[in-house]
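Here is a friendly note to read alongside the picture. Take the points one at a time, and keep the model open as you go.

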Amino acid sequence: MKDLKSLNKYLWRYRGRLTLGFIFVALSNAFAVLQPRMISQALDLVLQDIKSIEMAEGFESQALISSNLSSSLLSYGLLVIGFALLMGIFMYFTRQTIIVVSRLIEYDLRKDIYDHYSKLSQNFYRKSKIGDLMNRIMEDVSKVRMYLGPAILYGINLTTLTVLVVSFMVSVSSELSLYTLIPLPLLSVSIYYVSSIVHKRSTKIQQQLSLLTSLAQEVYSGIRVVKSFVKGKQMGNYFTDQCDDYKSKSMELVKVNAFFFPLMMLIIGISTIFVIYFGGLQINKGNISAGTLVEFIIYVNMLTWPVTSIGWIASIVQQAAASQRRIDEFFNQKPQILNGNITDFEFEESIEFKNVSFVYPDTGIKALENISFTIKKGDRIAIIGKTGSGKTTIAEIILRTFDPSEGEVLIDGKPLESLDLLHWRTLIGYVPQDNFLFSDTIENNIKFGQNDATLDEVMEAATKASIHKEIAELPSAYQTAVGERGVTLSGGQKQRTSIARAIIKDPEIIILDDALSAVDANTEQVVTNYLDQDLKGKTVFNITHRINPNSEYDQIIILQKGHISAIGKHEVLYHSNSFYKHLIDHAALENLE
Ligand SMILES: Nc1ncnc2c1ncn2[C@@H]1O[C@H](COP(=O)(O)OP(=O)(O)OP(=O)(O)O)[C@@H](O)[C@H]1O
Ligand SMILES: [Mg+2]
């Protein structure tokens, strides 16, 4: 239960509506409880008047008594209908307040979780499974809502109704009340027992279902690999096995569920028999009237649903507590990248890496070791090195996806950590190595970082990235939707779309991480030429495997296993660094071909 405490602040936020809801529940129940009272009085009246009518046989007053009886019955009937209507109206208001509050809190909670997600660092994402993150924001929040809405609603309903009904019963006949209420705890306990079995089994079903979902998702995302390795049948068989498992788990649940209603009916039946038997004895003794007995029978039936719901509420509360624990677990994750407080700044002079080392926290791999270099604003930098040498890591440190483990990065002499993170990132156009396109139109993908860009600007950016012609040839040009992960575009087209997305922001600093690896040498040359012209005055980091001998760089950084093995200009490196010379000669050869 203590896990649910963290929800109190949300409940407090809507205290006004909740209080109203409580009042409505109480009113609705009050009108519900009044109905059996009316029925009982009507019945007693009928019994009494029938006797009088019999006795008045042959007298004139007989007609009078019977017309009196029918008009009183009519007014009792109208009262019952009136109370039922009022009960219904207040029930409607109850749902309009309490259930609405639960939806509002659900919204707030999801929003808070989303905000928190977006603050958490890359490391958190590497460690967590997407499915798990999705589950927390969707499933767990829904379970918590079941507590906030239905569980609270039925909880209050149960309490007020029980208090009202029991006090009404006791005021009529305390002895009969006792007999009536004896079987109810039994009902409650057995329902709780059954519903905890139901809960256990449905959890198993839920787990199996998410396994099935992720299995299907994986097969469909990797369908090309599955087909090309002729694994379709094997995957199919595995899927069928899992489906069988799901089916048998569902069957187990059906078996328990099948018990639920008969059991409830049995216990209600027993209760009613108790009332009739003991009530009959009381009538015989003249302690109570027949109307009272009927009233009691209705009360028993009124109480059964709330009493049944105790078990149900208990299991909702349990599930909500478990879900809230998972949500809190994640709220307790502190963002590792903290925002700096200098908000008003421009990038004016330089980026300096000062003895930067970086160890990936989860694997302990030392990706960078004692890296130092200074870059002036407007410089063009190439970062080259073998795979795994730490190139992408440098880009991520500039972007503050990670902070250095040792050393520091200075921007215009100020520590990068002291700058406002979001503002810093708006200055950078980044083309990541594993570029990602959203399932949206090409236009929207390109203007992702620049929502107010016009179509002309989008086209201009695409032209600079040398992708405009290819997009224009597509059936719906810029409105062409690219499917999940942009399957309709080739690797090289995706890369260039990604470049267009980075340059439309007109950023001060641009980082291209292997951004042209999937295009042929000619296209690369075209794009590079465009970029050379367009990005004059901008600070450009070009992380690459293939270095173009014609491009001019102010500095070329050669990385080897996480440290800088050489840094300098082309002329110097060409004569002093064999790795670099080899790269250039190789590229020159490729160009000749
Ligand atoms: N998220 C991560 N968690 C743990 N280790 C990582 C992570 N990313 C990279 N590494 C490790 O850090 C080292 C440097 O990786 P990095 O991605 O910076 O290399 P790279 O030079 O960009 O290589 P490539 O040319 O293949 O893109 C590698 O040994 C890699 O295994
Ligand atoms: Mg890389």
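1. A word to start with: a donor is an N, O or S atom within 2.8 Å of the metal, and water is not among the atoms, so a metal site may look incomplete. Please also keep in mind that this is a predicted model.

2. Which protein atoms are donors of the magnesium ion (ligand 2)? They are OG1 of Thr392 and OE1 of Gln433, and they lie 1.8 to 2.2 Å from the ion. Thr392 belongs to helix 11, while Gln433 sits in the loop between strand 6 (428–431) and strand 7 (440–441), so this pair ties together parts that are 41 residues apart in sequence.

3. Now look at ligand 1. It is surrounded by 16 residues, and the closest include Arg126, Thr387 and Gln433. By class, this shell has nine polar, four charged and three nonpolar residues. Helix 11 (residues 391–398) gives the most to the shell, with three residues.

4. For Thr393 the distance is 2.5 Å, for Gln433 it is 2.6 Å, and for Lys391 it is 2.7 Å. Taken alone, ligand 1 exposes 630 Å², and the protein buries 75% of that.

5. How many salt bridges does a search of the whole structure find? The count is 14. One of them joins the side chains of Arg37 and Glu295, at 3.0 Å from N to O. This pair links distant parts of the chain: Arg37 is in helix 2 (residues 15–55) and Glu295 in helix 10 (residues 290–331), 258 residues apart. Glu295 has 2% relative accessibility, so it counts as buried.

6. A salt bridge can also stay inside one helix. Arg103 and Glu106 both lie in helix 3 (residues 61–119), three residues apart, about one turn of the helix. Their closest N and O atoms are 3.0 Å apart. Arg103 is partly exposed at 45%, whereas Glu106 is buried at 9%.

7. A last pair to find is Arg496 and Glu470, whose side chains meet in a salt bridge at 2.8 Å, N to O. Arg496 is in helix 16 (residues 491–503) and Glu470 in helix 15 (residues 468–472), 26 residues apart. Arg496 is buried, with a relative accessible area of 5%, and Glu470 is partly exposed at 28%.

Notes
Residues numbered from 1 in each chain as written. Chains lettered and ligands numbered in written order. Predicted model: local features only at pLDDT ≥ 70, side-chain atom pairs only at ≥ 80, totals over all residues. Heavy atoms only, no water. Near = heavy atom within 4 Å. Polar contact = N/O pair within 3.5 Å; in protein donor to acceptor, adjacent residues only side chain to side chain. Areas by Shrake-Rupley, 256 points an atom, 1.4 Å probe, with all protein chains shown as cover. Helix = DSSP H or I, 4+ residues; strand = E, 2+ residues; numbered from the N terminus. Nonpolar A, V, L, I, M, F, W, Y, C, P; charged D, E, K, R; others polar. Donors = N, O, S within 2.8 Å, 3.2 Å for Na, K, Ca; no water. Salt bridge = Lys/Arg side-chain N within 4 Å of Asp/Glu carboxyl O. Buried < 20%, exposed > 50% of the residue type's maximum accessible area, 1.4 Å probe, protein only.
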